[in-house]
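User: I would like to learn how to read side-chain features in a protein structure. Can we take them one at a time?

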Amino acid sequence: MKKLDESYPEPKGDLQLRVLAQPSEVNSNGDISGGWLVSQMDNAASIVASRIAKGRTATMAIGDMSFMRPIRVGSVVCCYTHIAHVGKSSVRIAIEVWSRMPEDAERSKVTEAEFVYVAIDENRRIRSIEL
């Protein structure tokens, strides 16, 4: 078993979403599309934001994102989240994406970003978050 240190980093946060990268999600190079991955990240982070806001939220912003490596078809893609900040009406969720092939034990970090959500009411207007 490998020693846990900087050479073998671990994801930060809680596993929020795990999905298998399907052939229908490839780009013209045969790798999984970055757009599909951003959508999965938004799904994972919105689960947390809605829980914190105790209701409906809307994505307001996505921070800088760089893709460190492509994702192959058949990879297990895992989204890890942690709460970066809760404001009066907004929640910032930090998210990391890691992937691995099902037969591999070692996973690799793919990307990370911060997603910002605002709590909204039934009329789709910004509302306060009650903590």
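Analyst: Start with a charge over a ring. A charge sits over a ring if NZ of Lys or CZ of Arg is within 6 Å of the ring centre and within 35 degrees of the ring normal. Here, the charged end of Arg-107 sits over the ring of Trp-98, 6.0 Å from its centre. Before going on, note that this is a predicted model, where local features need pLDDT of at least 70, side-chain atom pairs count only at pLDDT 80 or more, and totals for chains, interfaces and linings use all residues. Residues are numbered from 1 along each chain as its sequence is written, and side-chain values use heavy atoms, with hydrogens and water left out.

User: How many salt bridges are there?

Analyst: First the rule. A salt bridge is a side-chain nitrogen of Lys or Arg within 4 Å of a carboxyl oxygen of Asp or Glu. By that rule there are four salt bridges. One of them pairs Arg-107 with Glu-10, and their closest N and O atoms are 2.5 Å apart.

User: Where do Arg-107 and Glu-10 lie in the chain?

Analyst: You need strands and helices for that. Helices (H or I, at least four residues) and strands (E, at least two) are DSSP runs, numbered from the N terminus. Arg-107 is in the loop between β4 (90-100) and β5 (108-119). Glu-10 is in the segment before β1 (14-20).

User: Is Arg-107 buried, partly exposed or exposed?

Analyst: Buried means under 20%, exposed over 50%, and partly exposed in between (1.4 Å probe, protein chains only). Arg-107 has 31%, so Arg-107 is partly exposed. Glu-10, at 41%, is also partly exposed.

User: Which residue forms a salt bridge with Arg-92?

Analyst: Glu-114 does, with the closest N and O atoms 3.3 Å apart. Arg-92 is partly exposed at 31%. Glu-114 is partly exposed at 29%.

User: What joins Glu-96, Lys-109 and Glu-112 into one network?

Analyst: Begin with one link. Glu-112 forms a salt bridge with Lys-109, and the closest N and O atoms are 2.6 Å apart. Salt bridges that share partners then join Glu-96, Lys-109 and Glu-112 into one network. Glu-112 is partly exposed, at 38%. Lys-109 lies in strand β5, and its 19% makes Lys-109 buried.

User: Which residues is Lys-109 in contact with?

Analyst: Contact means heavy atoms within 4.5 Å. Leave aside neighbours within four places in sequence. Lys-109 is then in contact with Met-68, Arg-69, Glu-96, Val-97 and Trp-98.

User: Can you use contacts on a helix residue too?

Analyst: Take Gln-40, in helix α1 (residues 34-53). Gln-40 is buried, at 11% relative accessibility. Not counting residues up to four places away in sequence, Gln-40 touches Leu-17, Val-19 and Cys-79.

User: How many disulfides are there?

Analyst: A disulfide is a pair of cysteine sulfur atoms within 2.5 Å. The count here is zero.

User: How many aromatic pairs does a search of the whole structure find?

Analyst: Rings of Phe, Tyr and Trp (its six-membered ring) pair if their centres lie within 6.5 Å. Planes under 30 degrees apart count as stacked, over 60 as edge-to-face and the rest as tilted. The search finds one aromatic pair. The rings of Phe-115 and Tyr-117 have centres 6.5 Å apart and planes at 15°, so the pair is stacked. Phe-115 is buried, at 0%. Tyr-117 is buried, at 1%.

User: What should I know about phi?

Analyst: Most residues other than glycine have a negative phi. Now look at Lys-54, where phi is near 55°, a positive value. Lys-54 lies in the loop between α1 and β2 (57-62) and is exposed, at 61%.

User: Where does Arg-124 lie?

Analyst: Arg-124 lies in the segment after β5. Arg-124 has a positive phi of about 65°, although it is not a glycine. At 62% relative accessibility, Arg-124 is exposed.
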